[in-house]
Amino acid sequence: MRNYKKLANIVDFIHVIVIIFMIGGNFLPKDWTAIKIFHSVFGMSVFISQLILGINCPLTVLSNYLRKKADPDFKIFWDSFTLKLAQKYLGVTLNQSIVFTCILILAVVCFAEFVTIVF
């Protein structure tokens, strides 16, 4: 039981790293072409999967699963991980549409970055 909670915390930590990469990747040096292409494609795939197809983030699904295994009384949430993070650590309550708007903006920036690099 305890190991599931530790694993869930590791997944949440990886999730934070991914969020930092999604935001910070826009500020990488221009000569880091391979990483910038990966960042752009990753950002566009997040947009397509979460906003257009309505798929929950696999890291959120995995974290919920592990927390449920650790504690059968754990209430699974399907809100954005970013919403949970902002509320828990920053004390800020955000609206789901704000997070989706941020993902959309990041996707547009990633697409523009991809076009600039490839063409």
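How are H1 and H2 oriented to each other? I took this up first, working in a predicted model.

**Entry: helix pair H1 and H2**

I looked up helix H1, residues 2-24, and helix H2, residues 33-52. Their axes come within 10 Å and cross at roughly 110°. Angles of 65 to 115 degrees count as roughly perpendicular. H1 and H2 are therefore roughly perpendicular to each other.

Next I listed the residues in the contact. H1 contributes Val18, Phe21 and Met22. H2 contributes Ile35, Phe38, His39, Phe42 and Gly43. I then sorted the H1 contact with H2 by class: six residues are nonpolar, two are polar and none is charged.

**Entry: salt bridges**

I found two salt bridges in the structure.

I checked Asp12 and Arg67 for one of them. Their closest N and O atoms are 2.5 Å apart. Asp12 sits in helix H1 and Arg67 in helix H3, residues 58-70. The two are 55 residues apart, so this pair links distant parts of the chain.

Are Asp12 and Arg67 buried or exposed? The cut-off for buried is under 20% relative accessible area. Asp12 has 10% relative accessibility, so I noted Asp12 as buried. Arg67 has 13%, so Arg67 counts as buried too.

I then turned to Lys36, which forms a salt bridge with Glu113. Here the closest N and O atoms are 2.8 Å apart. Lys36 lies in helix H2, and Glu113 lies in helix H5, residues 96-118. I noted both Lys36 and Glu113 as buried.

Note on methods:
Residues numbered from 1 in each chain as written. Predicted model: local features only at pLDDT ≥ 70, side-chain atom pairs only at ≥ 80, totals over all residues. Heavy atoms only, no water. Axes fitted to C-alpha atoms, helices over the stretch in contact; angles between N-to-C directions. Helix = DSSP H or I, 4+ residues; strand = E, 2+ residues; numbered from the N terminus. Parallel < 35°, antiparallel > 145°, perpendicular 65-115°, else oblique. Contact = heavy atoms within 4.5 Å. Nonpolar A, V, L, I, M, F, W, Y, C, P; charged D, E, K, R; others polar. Salt bridge = Lys/Arg side-chain N within 4 Å of Asp/Glu carboxyl O. Buried < 20%, exposed > 50% of the residue type's maximum accessible area, 1.4 Å probe, protein only.
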